[in-house]
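Dear colleague,

Please find below the structure that I am handing over to you. A summary of the findings follows it.

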Amino acid sequence: MKKAYLLFISLITLNASAQTVNWASKVLGFSSERTEPINQGPQYRAMQVLGTPNKLPQTGESVCAWSPSGADTYAEEYIKVGFDKPIKTRQICIGENLNPGAVVRILAYDSTDKEYLIHENKEDGPTVKGRMWNVVVPQTEYTVYAIKIVVAPSKTPGYNQIDAIGISEVDFPYEAKINIAKNMPKEILKENLGKTVNSKVREVAPIITPDGKILFFTREGHDMNIGKVKKQDVWFSKFQADGTWGEAENIKDPINTDEHNAVSTISADGKTLYLVNIYMPDGTYRPGLSRSKRTRLGWEFPKEVKITDYYNINSYTEFSLAPNGKVLIMACQRKDSRGGKDLYVSFLKGDVWSRPINMGPNINTAENESTPFVGADSKTIYFSTPGFAGYGDNDIFLSRRLDSTWTNWSEPENLGNLINTAKWDGYFTIPASGEYAYLSSEERSIGGEDIFRIKLFPSIKPDPVAIISGTVVNAFDKKPIAADVVMELLNDSTTKDRIVAEFDPETGEYKMVVPLKKSYSLNASKKGFISISENLDLTKDSRFREIRKNINLIPVKEGQTMVLNNLFFNQSKYDILPASFPELNRIIELMQEYPAMEVTIEGHTDGSDDNMLLNVKLSQDRANEVKKYFVATGRIDPKRIQTKGWGQSKPIASNATEETRKKNRRVEFTIFKL
């Protein structure tokens, strides 16, 4: 995207005529650039002229445009730019977003840097505030490698700004357009959540739980806020069975204090709130992030979230946590920011988050990027900025992640003028279902900003996901057991995609949000117990699902037997498939925890084949392969493992159908000594 030293090509279709504009990709020289005493960043610098227009078709001042150092000065100014794709030129496209008409000459340069005057402007400047100036010239006989524009600031009052410079082979006028999300509907109902949520004061920064049942938000100046000054407090509302939102409640202490308070993001299970600022025991704050867990008695005192080398030059910051709980997006201003606040990514390393990494030029501009929200698919990000072409002071955009680095993103798409307004828009939050989005807006509000919801249309939805929820119980007495619930991506021996959620009987079910089109292993971890793992195949699912999975734990004691549900072989083969590794590694960890444990691995087949001897051999070979895997790690003594193949002689279900035969094809793990 604009503002990087790269080539950018914009394909614009007008009246069935396709026009390609080659936008400037490098600055070759300039006379001066505007700087601000309080901000020595890249705002207004020459580099801002590169790439596609950032301000137009909107007009007015922008820090994402080049501005000479002086206003109304008599000395001429210039900027010279190069193109990664030189062409014979018929048209020069100059984005004059502020005070147009000051350009007096346009010069072109060939491959030898020979200079040609191709346009001289002696006319007075237009009366408009800004424009895309398309200068059509006789097609050059030479290939244009560079363009210089010369500006006379005294021709127009105030600062002059150039948003972009491009060249084209055709004379059809280029029209600057907003990059709007595809397949926009003609109408979108922007529904005010009503007086149970909104009031005569400001309601901003909505954060909805992934299950869509609780909406947290910030309310400023309300009579029921804590403290004498009634600053910003956190409030919440619960979704009712009749489809309405219940009467909002103040979350009270320890979340709310005499100072400004705000929820910035929330965990996938809705049981951990992440709060702006670090709460100190004496009631004061310092910059950063805190988290508070819900207990049987309420929300605990917020504890510091440790982020390596965290600092923020800006007065404001926002955070968004990815559903797996391992990726944190933050909007803040740092030494390597491209302007004001940029979006940064941090990764969880043990109990500490890594040093924030700038998420790159595709989504960060010289303006402020703010209010990030990571969609349930962990691929779609929503954020707000005035740094790309839009409709108002601050528009909401989306971008899609292109790889696992979290620094490579698609070109941001504006959510359109049915969502964005002429004013400030931001704080877009979406539950895992992807049905509705919630946002703050001043338009048609009861008081200040209000919270609205809109029904999402397909092109701006995150990819569909599933919510997995349930309880963890003792397999014998069915009593709930507090445990860690572990979801692992099958076919991934590195366990990079492991998700861990807590189940606490006193605070409700465990909940996880996972992408579709994948297979998972689901189990629980609790000292003194073995988990019966579940296989969750979502490879054929394409729509949002809510799935309940209760997990059984078996006490670790002699005589206990467990089926290894996530152990996989090809049909009639005994080679262990990679999708089995998480299951087997879990058993290895258990045997390491109990160094005196001795086990039997028993293989079984179904009865679809009459060759009993062949089935016995296959089941024995499979049991032997499991033992071999354990021993090959170097962590398990082979003397601790016995194997046995039973063939089809011990069915646990009928062999009449494929579904029941699957249950008979199994490998069992039995503890015979502790």
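This is a predicted model: local features need pLDDT of at least 70, side-chain atom pairs count only at pLDDT 80 or more; totals for chains, interfaces and linings use all residues.

Is glutamate 659 buried or exposed? Glutamate 659 is exposed, its relative accessible area being 54%; here buried means under 20% relative accessible area, exposed over 50%, and partly exposed in between, with a 1.4 Å probe and protein chains only.

Residues are numbered from 1 along each chain as its sequence is written, and side-chain values use heavy atoms, with hydrogens and water left out.

Salt bridges

Side chains of opposite charge can pair when their charged atoms come close. A salt bridge is counted where a side-chain nitrogen of Lys or Arg lies within 4 Å of a carboxyl oxygen of Asp or Glu, and this rule gives 35 salt bridges.

Glutamate 659 takes part in one of them, with lysine 662, at 3.4 Å from N to O. The two residues are 3 apart in helix α3 (residues 658-664), and therefore about one helical turn separates them. Helices (H or I, at least four residues) and strands (E, at least two) are DSSP runs, numbered from the N terminus. Lysine 662 is partly exposed, at 44% relative accessible area. Salt bridges with shared partners also join Asp606, Glu658, Arg661 and Arg665 into one network.

In the salt bridge between glutamate 76 and arginine 105, the closest N and O atoms are 2.7 Å apart. Glutamate 76 lies in the loop between β3 (26-30) and β4 (77-87), and arginine 105, 29 residues away, belongs to strand β6 (residues 103-109). Glutamate 76 is partly exposed at 43% relative accessibility, and arginine 105 is partly exposed at 25%.

Glutamate 598 and lysine 673 form a salt bridge at 3.8 Å, N to O. This pair connects strand β44 (residues 598-604) with strand β46 (residues 666-673) across 75 residues. Lysine 673 is partly exposed, with a relative accessible area of 39%.

Cavity

A search of the whole structure for cavities of 30 Å³ or more finds 1. A cavity is a set of points, on a 1 Å grid over the protein atoms alone, where a 1.4 Å probe fits but cannot get out; lining residues have an atom within 4 Å of a point. The volume of the largest cavity is about 30 Å³. Its lining residues include Glu96, Leu98, Pro100, Val151 and Gln161.

Yours sincerely

How values were computed. On a 1 Å grid over the protein atoms alone, a cavity is a set of points where a 1.4 Å probe fits but cannot get out, and a pocket is an open set with protein on both sides within 12 Å along at least five of seven lines; lining residues have an atom within 4 Å of a point. Grid points are joined across faces, edges and corners, and a volume is the space filled by probe spheres set on the points.
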